[in-house]
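Dear colleague,

Please find the structure below, together with its sequence. My notes on the backbone follow it.

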Amino acid sequence: TMAGFTGGDVYQEEFDPKAFLEYFNFGTNALGDECVIFALKHFCSLKGDTLIDIGTGPTIHQLLSACECFENIITSEYVDRNRQELEMWLKKEPGAFDWSPVVKYVCELEGNRDKWAEKEAKLRKAIKQVLKCDVHKSNPVDPVVLPQADCLISVECFEASCADLDAYRAALKNVSSLLKLGGHLVLCGDLGCSFYMVGTKRFSCLVLREEFLREAKAFRGPHSILRTRAHCNPDTSLQNRYSPYPVWGEGILFNFFCIF
Ligand SMILES: C[S@@+](CC[C@H](N)C(=O)[O-])C[C@H]1O[C@@H](n2cnc3c(N)ncnc32)[C@H](O)[C@@H]1O
């Protein structure tokens with residue numbers, strides 16, 4: 001509901017990157033791993049020169065395969081602390097999150113199990129900018145003006161930052177201005193999820209349905225892919241034990257991945 005909507009101010013004040021990164025402690029949570037693996041497998045198929053990631057958060061999992069094809073990656077994020085956390089990893093500062101288990105897994109998927117250190121170096125080199133971003137602005141990276149990119153990617157950002165479907169459509173439109181004609185927009189997230197936890201703090205999530213994504217797809221043209229996958233056991237006791245996000249808004253969670 002609107003009343004429970006957690007907007008930009010709440011993010012800026014209360015989104016704790018360290019707590020969020022707990023979801024990416026690979027190997028400690030079976031269902032969390034499943035979520036990440038679903039997305040990682042799909043990210044493998046992207047290609048182009050320039051890629052912009054919208055609402056990067058403190059994470060890099062979404063960029064690990066892309067850095068093999070995209071020489072220029074620009075990340076963008078609303079929360080200052082998330083950008084700082086990412087900078088820590090980029091600069092290999094002490095206390096930076098250890099992404100190596102996830103990186104190793106991606107290398108395995110790509111058939112280069114031993115290349116993980118090279119991949120980390122490649123990604124650090126590919127990420128050219130870490131920008132402030134607000135999807136509600138007509139130029140989300142204002143005051144920076146970017147050349148249009150070949151590919152935009154956004155993982156669980158619009159549903160986190162938009163109070164309703166109209167706001168989601170408007171944000172998609174804003175962000176599309178950063179994309180070349182004929183470029184690809186890649187969205188990844190969960191269907192039917194109404195909130196998620198970051199540490200002990202609850203953040204609202206706009207409930208998405210497959211029909212809505214199919215409609216959004218229609219406005220980007222015919223070259224689209226939408227894949228969804230039922231991802232966790234509807235048994236809530238199991239979910240409470242294993243879900244990466246402690247309790248889901250609905251019984252079953254579906255991951256989605258789409259390329260527009
Ligand atoms: C669920 S997190 C996803 C982070 C990352 N993309 C991932 O997949 O792990 C949602 C992200 O959206 C960001 N966000 C919230 N409001 C935003 C806004 N108005 N513009 C851009 N990003 C926003 C949050 O700060 C947070 O990093």
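The confidence of the predictor in each residue is expressed as pLDDT, on a scale from 0 to 100. This is a predicted model, in which local features need a pLDDT of at least 70 and side-chain atom pairs count only at pLDDT 80 or more, while totals for chains, interfaces and linings use all residues. Residues are numbered from 1 along each chain as its sequence is written.

The protein has a mean pLDDT of 81, with 78% of its residues at 70 or more. In residues 231-252 the pLDDT is below 50, and this stretch has 40 contacts in the model beyond near neighbours in sequence (a contact is a pair of residues whose C-beta atoms, placed from the backbone, lie within 7 Å). For the complex, the predictor gives a pTM of 0.85 and an ipTM of 0.99.

Most peptide bonds are trans, and most residues other than glycine have a negative phi. The bond from D142 to P143 is cis, its omega being near 10°. P143 is placed in the loop between β3 (127-132) and β4 (149-155); helices (H or I, at least four residues) and strands (E, at least two) are DSSP runs, numbered from the N terminus.

K92 lies in the loop between α4 (80-90) and α5 (100-109), and E156 in the loop between β4 and α7 (158-161). K92 counts as exposed because it has 9 C-beta neighbours inside 10 Å, whereas E156, with 19 other C-beta atoms within 10 Å, is partly exposed. The cut-offs are 20 or more other C-beta atoms within 10 Å for buried, 12 or fewer for exposed, and in between for partly exposed, with C-beta atoms placed from the backbone.

Yours sincerely

Conventions. Two residues are in contact if their C-beta atoms, placed from the backbone, lie within 7 Å.
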